[in-house]
Amino acid sequence: MDKNLAIVYLSVFVGLLLFAGVTVFRQIFKTRKLESSLSRLKSKLTKEKGTAQEYYELASIYSEKKVFTQAIPLFQKAIKAAEEEGEEDIAPVYNGLGYVYFSQEQYDLAIRQYKEALKLKPDYVTALNNLGHAYEKKKLMAPALEMYETALKIAPNNAIAKRRAESLRRLVSA
C-alpha cells in the first residue's frame, strides 16, 4: 500500500514538473519571438520610414511590454502612415491607441480613440467592449451598458459583454 502511494505522489510530482517545464519553455519562446520582432522593427524604423503595419506592430509590442510613452507616438505614426497609404482598416490602430490611453488612466482620450475606431468599423466588438469599460471608469454606467448591449447584438456569445452588462443592469436598475 505504501509503495502505491509513493508511486502516485511521484507521478503527480513528475506531472507538475512537466507542466511547469512546458509553461516556462512556452514563455521563453514567446519572449524571444517578441524581442526579435522588437529588435527587427526598431532597427528598420530608425533607418527608414515604415509602413502603417510596421508602426502598428512596434507600438503593439511596446504596449504589451507596458512602455506606453513609446507606444503612443508609434500608434500616431501608424495612423498618419495609414492615411498616406490609403489604408482603410485602421480601426485596430485607434483601438490600440485607446488602450494605451486607458492604461494610463486618460479615459477621455481613450474614449475619443475608441469612438474613432467605431466610426471606421461600427461592428468592432473589441472597441465596443473597451469603450464600455472606459465609460465604467468614468462612472457613466448607462452609456457603458449601451456599449455592452451593442456588442452583444453583434456577438451574442461575448463573455466580457455578457458579464459586464449583467452587472451594470443591476446597478442601473437599482
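Start by selecting glutamate 105, which is exposed at a relative accessible area of 59% (buried is under 20%, exposed over 50%, partly exposed in between, with a 1.4 Å probe and protein chains only). Glutamate 105 sits in the loop that joins H4 to H5; helices (H or I, at least four residues) and strands (E, at least two) are DSSP runs numbered from the N terminus. Its phi is near 60°, a positive value in a residue that is not glycine. Most residues other than glycine have a negative phi.

Before moving on, note that this is a predicted model, in which local features need pLDDT of at least 70 and side-chain atom pairs count only at pLDDT 80 or more, while totals for chains, interfaces and linings use all residues. Residues are numbered from 1 along each chain as its sequence is written, and side-chain values use heavy atoms, with hydrogens and water left out.

Lysine 66 counts as exposed, at 55% relative accessibility.

**Helices H3 and H4**

Show H3 (residues 68-85) and H4 (residues 91-103). Their axes come within 9 Å and cross at roughly 160°; axes are lines fitted to C-alpha atoms over the stretch in contact, and angles run from 0 to 180 degrees between N-to-C directions. H3 and H4 are therefore roughly antiparallel (under 35 degrees is roughly parallel, over 145 roughly antiparallel, 65 to 115 roughly perpendicular and the rest oblique). The crossing of H3 past H4 is left-handed, the term for a near helix turned anticlockwise from the far one by less than a right angle, with right-handed for clockwise.

To see the contact (heavy atoms within 4.5 Å), select Phe68, Ala71, Ile72, Phe75, Gln76, Ala78, Ile79 and Glu83 on H3, then Val93, Tyr94, Gly96, Leu97, Tyr99, Val100, Tyr101 and Ser103 on H4. Coloured by class, these residues of H3 and H4 give 12 nonpolar, three polar and one charged. Ala, Val, Leu, Ile, Met, Phe, Trp, Tyr, Cys and Pro count as nonpolar, Asp, Glu, Lys and Arg as charged, and the others, Gly among them, as polar.

Keep phenylalanine 68 and tyrosine 99 on screen. Rings of Phe, Tyr and Trp (its six-membered ring) pair if their centres lie within 6.5 Å, and planes under 30 degrees apart count as stacked, over 60 as edge-to-face and the rest as tilted. The count by this rule is three aromatic pairs. In the pair of phenylalanine 68 with tyrosine 99, the ring centres are 6.4 Å apart and the planes stand at 75°, so the arrangement is edge-to-face. Phenylalanine 68 belongs to H3 and tyrosine 99 to H4, so the pair ties together parts 31 residues apart in sequence. Phenylalanine 68 is buried at 12% relative accessible area, whereas tyrosine 99 is partly exposed at 34%.

**Glutamine 113**

Move to glutamine 113, in helix H5. This residue is buried, with a relative accessible area of 11%. Leaving out residues up to four places away in sequence, glutamine 113 touches Tyr94, Leu97, Gly98 and Tyr101.

**Helices H5 and H6**

Now show H5 (residues 107-120) together with H6 (residues 125-137), whose axes come within 9 Å and cross at roughly 155°. H5 and H6 are therefore roughly antiparallel to each other, and H5 passes H6 in a left-handed crossing. On the H5 side select Tyr107, Ile111, Tyr114, Lys115, Ala117 and Leu118; they meet Ala127, Leu128, Asn130, Leu131, Ala134, Tyr135 and Lys137 of H6. The residues of this contact between H5 and H6 comprise 10 nonpolar, one polar and two charged.

**Two stops on H6**

Centre on tyrosine 135, in helix H6. Tyrosine 135 is buried, with a relative accessible area of 10%. Apart from residues up to four places away in sequence, tyrosine 135 touches Ile111, Lys115, Leu140, Pro143, Ala144 and Met147. From its C-alpha atom to that of glutamate 149, 14 residues apart along the chain, the separation is 13 Å.

End at histidine 133, also found in H6. Histidine 133 is partly exposed, at 33% relative accessible area. With residues up to four places away in sequence not counted, histidine 133 touches Phe102 and Tyr148.
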